[in-house]
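Please read them alongside the model.

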Amino acid sequence: MKHERRYRSTTGGGRLNRLRIAPYLQILLGLVILAIVVGFLYYVVYPLSRNLARGISPFATPTPIGATPVPPPTPSPTPDPAEDHPLYTTDLTAVQKEIVVPEYQYLTDVFVYDGQICFAAGDYTIDGTAAFVRLCIYDPKTDAHRFLPLPVQYKSIRFPQINERWIVYLDATANGGGRIAAYNRETGETKTIKTVHFGMPQPKLSGDLAVWIERTGQSRDKLFACDLNTGESVTLELYDNSEYAMSVPDFVDGTVYYVSPTGQLTAWTLQTNEKQTIETGTFVHDPRFHGGYLAFLSGNHGEDSDLYLYQNGQLTRVAQNVSDFALGDRFLAYSRFERNYVYFLSDQTTFCTTRSDEKSMLLAAGDNLLIWMDVTWRDKDISEYMVIE
């Protein structure tokens, strides 16, 4: 007896494939997928490639239909603060003048007092050393000068300081040492307030007091204060083999600004005995105070020295590689690489005041005056000044 063989499909397909409309459904699905691909290419890929070809960012916000495209605003140029200063257009050759004192060839230790340029003047002697024997007061408004009589017991007047009552100076020998003297401008009398055995201390004057740092032993220095009326001196600080004793203090309105034996910038008001330590985070040398600003160097006057300015708790590095500096009423002057610069305190604008074909060394600044030495030619001392507007 023959048996009928039945075979089952092994290709799967399910019930859908058994339907007569299955081929039509597959065609419809293919058309839907094709429409989606075409729409993506037309509405997404094509506009994106067109914008990229035109340089339009793909992330730019589209302009609404009917709106007028607004071009991006043109950035306004930032005004140059330098243009607000007369120095911006000043002809330096017209405003820079030479200090001429026919009686003497050399000058030293320049400073500004009451709008006048003050310095010690003199000549070289037979033994080849300089003797600065007169204190000269130079009026920049008239270019006239006069001499103040100061007794010289040794050889040179060095580091003179003036106020309304006193002139304090070091009466020095050629090799250092001598005496610190005080000249009373009211009585005309001069007295020795300290005998100096060696070194050349620089006295600073405020009111009836003078302060200075002096070497008093082989490795010991002291910060002294002296009452000029009584001649009584006191030791404020003692330095033992310390590099901070090389820093010259400043003395303004009864407050001594100096570097302590521990290296801290210190402000000591002597009358009230108030002492303030100012944290700087850097080495401090030769602090100078004027008009609420305190400036100092971070090295000993050389290419490793930066110039800092301190006011109201804020410390600003003004310049690097500074050899010397001085404070005026509205500016901070400094010298680097044989060129002088003026940094205006109000807007931090800096100008170079040395002409392109010259070299210069800063001597002093004060009030609205800047004084320097032209060192382009070394065979003669040429000192010049200008008014900083």
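**Notes on salt bridges, cysteines and confidence**

1. The side chains of Arg-158 and Asp-109 meet in a salt bridge, with N to O at 2.6 Å, the term meaning a side-chain nitrogen of Lys or Arg within 4 Å of a carboxyl oxygen of Asp or Glu. Because Arg-158 lies in strand β6 (residues 156-162) and Asp-109 in strand β2 (residues 106-113), the pair ties together parts that are 49 residues apart in sequence; strands are DSSP runs (E, at least two residues), numbered from the N terminus. Both Arg-158 and Asp-109 are buried, that is, under 20% relative accessible area with a 1.4 Å probe, protein chains only.

2. This is a predicted model, in which local features need pLDDT of at least 70 and side-chain atom pairs count only at pLDDT 80 or more, whereas totals for chains, interfaces and linings use all residues. Residues are numbered from 1 along each chain as its sequence is written, and side-chain values use heavy atoms, with hydrogens and water left out.

3. The structure holds 13 salt bridges, among them the one between Glu-214 and Lys-194, whose closest N and O atoms are 3.1 Å apart. Arg-165, Glu-186 and Asp-208 are linked in a network of salt bridges.

4. The count of disulfides is zero, a disulfide being a pair of cysteine sulfur atoms within 2.5 Å. The sulfur of Cys-118 has its closest cysteine sulfur in Cys-136, at 8.4 Å, which is too far for a bond.

5. The protein chain averages a pLDDT of 88, pLDDT being the predictor's confidence in each residue, from 0 to 100.

Methods:
Helix = DSSP H or I, 4+ residues; strand = E, 2+ residues; numbered from the N terminus. Buried < 20%, exposed > 50% of the residue type's maximum accessible area, 1.4 Å probe, protein only.
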